[in-house]
Amino acid sequence: MSVSKSYVSDLYQAEDCLIRAFCKIFQHIESFRGDGNLEGWARRIVVNECLNFIKSRKTVFYLDEINQPFMDESNEEELVFDFNAQELLDQLPDAYKMVFNLYVLEGYSHQEIADTLQISVAMSKTQLFRAKERLRKIYFQQQKTLKNEHY
């Protein structure tokens, strides 16, 4: 479920993706050759099911926006590293989240991501860079809000 939830923010839609993935896993279990581990094979099916769901919604936009500087001067000593990574990821646009998850969580190369999502390698790299930038921005904004609430 955590794999499905990392791609699809809505809990019920993530559950639907997971159920469809398990149906595929059980229907095609005989095609598992045992070359790798079963968990990795099943995980890839879950990821693909989530990607298919996101693509079917046709709401993924690969933006080519101009980056704006966003980081305020902050003192690292004041930062609190208590956060929920899933909550941060849920705030990313779908395109950023897909590329980030495939690269960071699944270990795909930019070429594999490009092939899977039918985008260019350069677009994959750009989306990953922007996802990381956005995560930093969201995190620092949350920290700033927390800091203001404590004073």
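Which helix does Glu49 lie in? Glu49 lies in helix H3.

## Basis of the model

This is a predicted model, in which local features need pLDDT of at least 70, side-chain atom pairs count only at pLDDT 80 or more, and totals for chains, interfaces and linings use all residues. Residues are numbered from 1 along each chain as its sequence is written, and side-chain values use heavy atoms, with hydrogens and water left out.

## Overall fold

The chain has seven helices and zero strands. Its pattern along the sequence is α-α-α-α-α-α-α. Helices (H or I, at least four residues) and strands (E, at least two) are DSSP runs, numbered from the N terminus.

The chain has 151 residues, and 34% of them count as buried. Buried means under 20% relative accessible area, exposed means over 50%, and partly exposed lies in between (1.4 Å probe, protein chains only). The chain exposes about 9800 Å², with carbon and sulfur atoms supplying 53% of that area. Accessible areas come from the Shrake-Rupley method with a 1.4 Å probe; for residues, only the protein chains shown count as cover. Of the contacts between residues at least 6 apart in sequence, 72% join residues at least 24 apart. Contact means heavy atoms within 4.5 Å.

## H2 against H3

Helix H2 covers residues 11-27, and its axis comes within 9 Å of the axis of H3, crossing at roughly 130 degrees. Axes are lines fitted to C-alpha atoms, for helices over the stretch in contact, and angles run from 0 to 180 degrees between N-to-C directions. H2 and H3 are therefore oblique to each other. Angles under 35 degrees count as roughly parallel, over 145 as roughly antiparallel, 65 to 115 as roughly perpendicular, and the rest as oblique. The crossing of H2 and H3 is right-handed. A crossing is right-handed if the near helix is turned clockwise from the far one by less than a right angle, and left-handed if anticlockwise.

H2 contributes Gln13, Cys17, Leu18, Arg20, Ala21, Lys24 and Ile25 to this contact. The H3 side includes Trp41, Ala42, Ile45, Glu49 and Phe53. By class, the contact of H2 with H3 has ten nonpolar, two polar and four charged residues. Ala, Val, Leu, Ile, Met, Phe, Trp, Tyr, Cys and Pro count as nonpolar, Asp, Glu, Lys and Arg as charged, and the others, Gly among them, as polar.

Is Glu49 buried or exposed? At 6% relative accessibility, Glu49 counts as buried. Neighbours within four places in sequence aside, Glu49 touches Cys17, Arg20, Ala21 and Lys24.

Phe26 sits in helix H2. Phe26 is exposed, at a relative accessible area of 59%. Its C-alpha atom is 9.8 Å from that of Ala42, 16 residues apart along the chain.

## H3 against H5

Helix H3 (residues 38-57) packs against helix H5 (residues 94-105) at about 165 degrees, with axes 11 Å apart. That angle makes H3 roughly antiparallel to H5. The crossing is left-handed. Arg43, Val47, Leu51, Ile54 and Arg57 of H3 meet Asp94, Met98, Leu102 and Leu105 of H5. This contact of H3 with H5 has six nonpolar, no polar and three charged residues.

H5 is largely enclosed by the rest of the structure, because nine of its twelve residues are buried. Among them are Asp94, Tyr96, Lys97, Phe100 and Asn101. After H5 comes Gly107, with a positive phi near 75 degrees.
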